[in-house]
Amino acid sequence: MEIKPWLADFSQSKHPFIVAGPCSAESPEQLLTIAKAVQALGITTMRAGVWKPRTRPDSFEGNGSVAFQWIAEVKKATAIRFATEVATADHVEQALKAEIDLLWIGARTTVNPFTVQEIADALRGVKIPVLVKNPINPELALWLGAIERIYKAGVEKVGAIHRGFSSYQKSRYRNQPYWQIPLSLKSQFPDLPLIADPSHIAGTRSLIQEVSQKAMDLGYDGLMIETHPDPDNALSDARQQVTPASLGKLLEELRVSNPSSNNVLFVNKLEGLREKIDNLDQELIDTLATRMKLVEQIGEYKKENNVTVFQLERWQEIIQTRPEWATRQQLAIDFIAELFKVIHDESIRIQSEIVNKETPTKS
Ligand SMILES: O=C(O)C(=O)C[C@]1(C(=O)O)C=C[C@@H](O)C=C1
């Protein structure tokens, strides 16, 4: 995929690109109120769900295509642009007929390559942007595959939305961010616009500012934030929608930085510090290599003495002491614990290879 940068032309606003609006289009009045409020904040694109994929059958599933008439009226009155989710080829057809300005494919759709392909076929050659939300399961390849399907259908303005991933683990987020996944996507396709959806990651209003700031610190191109005039009484996603006033405050407080700087002093200082890091990283690698040589030696002894590779007591001692040592250096305990888990996994891999290697028989 050779992505051409398109977002700056589309967004009509300065960085970051903000898409705000209700989870669902509930009524013409609701849409008009929000359109005017977000426009007053300088926002040019509004989101509104027409069809809502819900977990349970009796939940509000969106107002369906009647909402396109309301959207048309609001577009006429305010000239704001609209973004909505499509989950079938029929949705695409209706949304295009309604002259929606930006489409996105939802997380529950991205997981299914058959559906994504049907949507891609319906989108063939469209000139409007199409953004693909990450699949609900943390799988970069699936996300990339869906983006590729849309791109191969001749949609040049493609982008990605990071809305977090489902997890069985209890967490403070509704959907785990797993930031390393969107960052891998960004490293592979630096020109692919990457938008965060803090509302779905957070799942609760109080976390939206923090998630939005993190996205900005990581160099995301924009934010999609669910906004409703009366969030508590919203028909869907009540807990995670914010009022236009809160959105205004959030945007005001957001610290937006640049990907780089031309300031000579900054560049020189950064270069000097990076050189030091290069040297330290080399030392780290040398140290790791020395450690793994010892691990190999122990592996050989274990093989000779028919002892298991995994040594529970020793491992328990390591996983307890290393984080303790780390606190003396003000290093985060979790970070050091994770690091030693990775190192230990590698020791096990190396030693398993050694003990399972066939010993050449003497002739
Ligand atoms: O102490 C050992 O027995 C080792 O083989 C070393 C080591 C390690 O990497 O530190 C590797 C595997 C064991 O489970 C415990 C520790």
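User: Hi! Which helix gives the most to the shell around the ligand?
Analyst: Hello! In this predicted model, α14 gives the most, with four residues.

User: Nice. Which residues are around the ligand, then?
Analyst: Here they are: V295, I298, F310, Q311, R314, W315, I318, H344, S347, I348 and Q351. The elements that give two or more residues to that shell are α12 (264-305), α13 (312-328) and α14 (333-356).

User: And how do the residues of that shell divide into nonpolar, polar and charged?
Analyst: The shell around the ligand has six nonpolar residues, four polar ones and one charged one.

User: Switching to annotation: where does UniProt place the "domain: Chorismate mutase" feature?
Analyst: An unreviewed UniProt entry puts that feature at residues 264-355.

User: How much helix and strand is in residues 264-355?
Analyst: That span is 89% helix and 0% strand, and its end C-alpha atoms lie 55 Å apart.

User: Where does UniProt put the "coiled-coil region"?
Analyst: The unreviewed entry gives it as residues 263-290. In the model, the chain over residues 263-290 is 96% helix and 0% strand, with 41 Å between the end C-alpha atoms.

User: Good to know. Now some helix packing, please. At what angle do α4 and α6 pack?
Analyst: Helix α4 (residues 89-97) and α6 pack at about 30 degrees, and their axes are 8 Å apart. Angles under 35 degrees count as roughly parallel, so α4 is roughly parallel to α6. As for handedness, α4 passes α6 in a right-handed crossing.

User: Which residues make that contact between α4 and α6?
Analyst: From α4 there are A89, V92 and E93, and from α6 there are E118, I119, D121, A122 and L123. By class, the contact of α4 with α6 divides into five nonpolar, no polar and three charged residues.

User: OK, on to α6 and α7. What is the angle there, and how far apart are the axes?
Analyst: Helix α6 (residues 113-123) packs with α7 at an angle of about 25 degrees, and the axes are 8 Å apart. That angle makes α6 roughly parallel to α7.

User: Is the crossing of α6 and α7 left-handed or right-handed?
Analyst: The α6 and α7 crossing is right-handed.

User: And which residues of α6 and α7 meet?
Analyst: On the α6 side they are P113, V116, Q117, A120 and L123, and these meet G145, A146, R149 and I150 in α7. The contact of α6 with α7 counts six nonpolar, two polar and one charged residues.

User: One more pair: how do the axes of α7 and α8 cross?
Analyst: Helix α7 (residues 140-152) and helix α8 (residues 180-188) have axes that come within 10 Å and cross at roughly 45 degrees. That makes α7 oblique to α8. The crossing in which α7 passes α8 is right-handed.

Key:
Residues are numbered from 1 along each chain as its sequence is written. This is a predicted model: local features need pLDDT of at least 70, side-chain atom pairs count only at pLDDT 80 or more; totals for chains, interfaces and linings use all residues. UniProt positions are given in the numbering used here, feature names are shortened, and annotations may be inferred rather than shown by experiment. Axes are lines fitted to C-alpha atoms, for helices over the stretch in contact, and angles run from 0 to 180 degrees between N-to-C directions. Angles under 35 degrees count as roughly parallel, over 145 as roughly antiparallel, 65 to 115 as roughly perpendicular and the rest as oblique. A crossing is left-handed if the near helix is turned anticlockwise from the far one by less than a right angle, and right-handed if clockwise. A residue is near a molecule or strand if its C-beta atom, placed from the backbone, lies within 6 Å of it. Ala, Val, Leu, Ile, Met, Phe, Trp, Tyr, Cys and Pro count as nonpolar, Asp, Glu, Lys and Arg as charged, and the others, Gly among them, as polar. Two residues are in contact if their C-beta atoms, placed from the backbone, lie within 7 Å.
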